[in-house]
Amino acid sequence: MNNHEIDYKLYGDDMQFVEIELDPQETVVAEAGSLMMMEDGISMETIFGDGSGGSGGGIMGKLMGAGKRLITGESLFMTTFTNVGSGKKHVSFASPYPGKIIPMDLSEYRGKIICQKDAFLAAAKGVSVGVEFQRKLGTGFFGGEGFIMQKLEGDGLAFVHAGGTIHKKVLRPGEVLRVDTGCLVAMTSDVDYNIEMVKGVKTALFGGEGLFFATLRGPGTVWIQSLPFSRLASRVFAAAPQTPGGGSKGEGSITGGLFDLLGGK
């Protein structure tokens, strides 16, 4: 595959953005809506499909690429940013929620990374964003985040974002790691991925961790996130005001607790 070689720099800690340096005629592909800023001399274009410029070619190749993205719940379109000027130019992309941006050189991982379906942020032009179906039936029905995952293929740089702190772990052959299904960010293609049910009725019903967890068996490399967006969203929703008018009752304050005791609104 012919991927554009790009340079980059990460900024920030918990709310990161990545600044990509483009030489003349170099291109980066990104999810729609992820742009933060760009310098003059960069041309932005919306494209149909995954932006890989796949070998299929023509309208059928574009339809196939777009269809893959539609299955994962992503937009049919992606955006390319090309340096049409004479010198180096910079374009920056931001993650959509608190967490980290993980740069991945696909050439170091046999040209393929499998990640959760909303993790992709941007990549060098030539990286293909496709669909990875989990082959096992149990994984398909009980995978928590769904059995449809994204696969990034090529030999260039790709940027993946995830919530909270990211932990990269290299699994030895036969080594097993069990994680919450939502905490898995990405893995190399040689990792054996399956879903297991939590043992014990009491643990499953009252443990608060869900009925299933992901089992990852090495060899291979996995990336784990400490705060899945689904977990963050559920906590925000639970803490949101429940009054008809949407007003706050002062949660966490003495007056809020007093209102609750008196049945006030």
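Reader: What makes Arg172 and Glu175 a salt bridge?

Author: Happy to start there, with the reminder that this is a predicted model. The N to O distance between the side chains of Arg172 and Glu175 is 3.7 Å. The cut-off for a salt bridge is a side-chain nitrogen of Lys or Arg within 4 Å of a carboxyl oxygen of Asp or Glu, so the pair qualifies.

Reader: Are those two residues buried or exposed?

Author: One of each. Arg172 has a relative accessible area of 57%, and exposed means over 50%, so Arg172 is called exposed. Glu175 comes to 17%, and buried means under 20%, so Glu175 is called buried.

Reader: How many salt bridges are there in the structure?

Author: The structure holds seven. One of them links Asp13 and Lys100, with the closest N and O atoms 2.5 Å apart, which is again within the 4 Å limit.

Reader: Why is the pair of Asp13 and Lys100 said to tie parts together?

Author: Because Asp13 sits in the loop between β1 (7-11) and β2 (17-22) while Lys100 belongs to strand β8, and these parts are 87 residues apart in sequence. Asp13, at 48% relative accessible area, is partly exposed, whereas Lys100, at 17%, counts as buried. Asp13 and Lys100 also belong to one network with Asp14, joined by salt bridges that share partners.

Reader: Which sheet holds β11 and β9?

Author: They belong to an open sheet of six strands, in the order β11-β12-β9-β16-β19-β14, with antiparallel pairing. From one strand to the next, the twist averages 25°.

Reader: Why are β11 and β14 called edge strands?

Author: β11 (128-133) and β14 (166-171) each pair on one side only. For β14 the partner is strand β19 (residues 220-225), and the two pair in the antiparallel sense over six bridges. Two strands pair if there are at least two bridges between them, so six are enough for the label. Within this pairing, Lys169 has Val222 in β19 as its bridge partner.

Reader: What makes β10 a largely enclosed strand?

Author: Five of its five residues are buried, so β10 is largely enclosed by the rest of the structure. Three bridges join β10 to strand β3 (residues 27-31), and three join β10 to β13. Both pairings run antiparallel. Ala123 takes part in each: Ala123 is the bridge partner of Val29 and stands opposite Ala158 in β13.

Reader: Which residues touch the most other members of the largest nonpolar core?

Author: Of its 21 residues, those are Met104, Ile113, Leu152, Val185, Ala186 and Trp223. β8 (99-105), β9 (112-115), β10 (120-124), β13 (157-163) and β16 (184-188) each supply at least two residues of this core, and β13 gives the largest share, three residues. Apart from it lies another core of 16 residues, including Val18, Leu22, Ala124 and Phe159.

As for Leu152, its contacts beyond four places in sequence include Ile113, Phe120, Val129, Ala158 and Val160. In soluble globular proteins, nonpolar side chains tend to be buried together.

Reader: How do you know that Thr215 is buried?

Author: Its relative accessible area is 5%, and the cut-off is under 20%, so Thr215 is buried. Thr215 lies in strand β18 (residues 212-217). Leaving out residues up to four places away in sequence, Thr215 touches Val176, Leu177, Arg178, Asp192, Tyr193, Asn194 and Glu196.

Reader: And what share of the whole protein chain is buried?

Author: Buried residues make up 43% of the 265 residues. The protein chain has five helices and 19 strands. Among contacts with a separation of 6 or more, 77% come from residues 24 or more positions apart. The accessible surface comes to about 14,100 Å², and 57% of it belongs to carbon and sulfur atoms.

Methods
Residues numbered from 1 in each chain as written. Predicted model: local features only at pLDDT ≥ 70, side-chain atom pairs only at ≥ 80, totals over all residues. Heavy atoms only, no water. Helix = DSSP H or I, 4+ residues; strand = E, 2+ residues; numbered from the N terminus. Buried < 20%, exposed > 50% of the residue type's maximum accessible area, 1.4 Å probe, protein only. Contact = heavy atoms within 4.5 Å. Areas by Shrake-Rupley, 256 points an atom, 1.4 Å probe, with all protein chains shown as cover. Core = buried A, V, L, I, M, F, W, Y, C linked by side-chain atoms within 4.5 Å. Axes fitted to C-alpha atoms, helices over the stretch in contact; angles between N-to-C directions.
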